[in-house]
Amino acid sequence: MHRFVKGELNWVEPLNQNFEEAAAHAAAQDNPHGVTAEQLGAPTKAYVDAQLSNKADVGGQCNHP
């Protein structure tokens, strides 16, 4: 990533390169922007919701006798 200096000449091409690098990084699936719960081995929202569905209703009341 290019670091700009005030008054630097010919700054357009390095700026465009920075944008291209940032876009490629954000689009990659092997960095924090695209990592999924499955890739980390973390439980998914659906799994947690299913586990909690029998614990309490929306009002906070226990469903068990």
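What percentage of the 65 residues of the chain count as buried? In this predicted model, the share of residues that count as buried is 6%.

The secondary structure of the chain comprises three helices and zero strands, and the order of elements from the N terminus is α-α-α. The mean pLDDT of the chain is 77, with 80% of the residues reaching 70 or more. Among the elements, the highest mean pLDDT, 86, belongs to helix 3, which spans residues 45-52, whereas the lowest, 80, belongs to helix 2, which spans residues 37-40.

A nonpolar patch on the surface is formed by Phe4, Trp11 and Val12. Together, these residues have about 300 Å² of accessible area. Trp11 lies in the segment before helix 1, the helix of residues 12-27. With a relative accessibility of 46%, Trp11 counts as partly exposed, because this value falls between the limits of 20% for buried and 50% for exposed residues.

The structure contains one salt bridge. This salt bridge joins Asp49 to Lys45, with a distance of 2.7 Å between the closest N and O atoms. Both residues belong to helix 3 and are four residues apart, so about one helical turn separates them. The two partners are assigned to separate accessibility classes: Lys45 counts as exposed because its relative accessibility is 62%, while Asp49, with a relative accessible area of 38%, is partly exposed.

Terms used: Residues are numbered from 1 along each chain as its sequence is written. This is a predicted model: local features need pLDDT of at least 70, side-chain atom pairs count only at pLDDT 80 or more; totals for chains, interfaces and linings use all residues. Side-chain values use heavy atoms; hydrogens and water are left out. Helices (H or I, at least four residues) and strands (E, at least two) are DSSP runs, numbered from the N terminus. Buried means under 20% relative accessible area, exposed over 50%, partly exposed in between (1.4 Å probe, protein chains only). pLDDT is the predictor's confidence in each residue, from 0 to 100. Patches are made of residues with over 30% relative accessible area and no salt bridge: like charges are joined within 9 Å, nonpolar side chains (Val, Leu, Ile, Met, Phe, Trp, Tyr) within 5 Å. Accessible areas come from the Shrake-Rupley method with a 1.4 Å probe; for residues, only the protein chains shown count as cover. A salt bridge is a side-chain nitrogen of Lys or Arg within 4 Å of a carboxyl oxygen of Asp or Glu.
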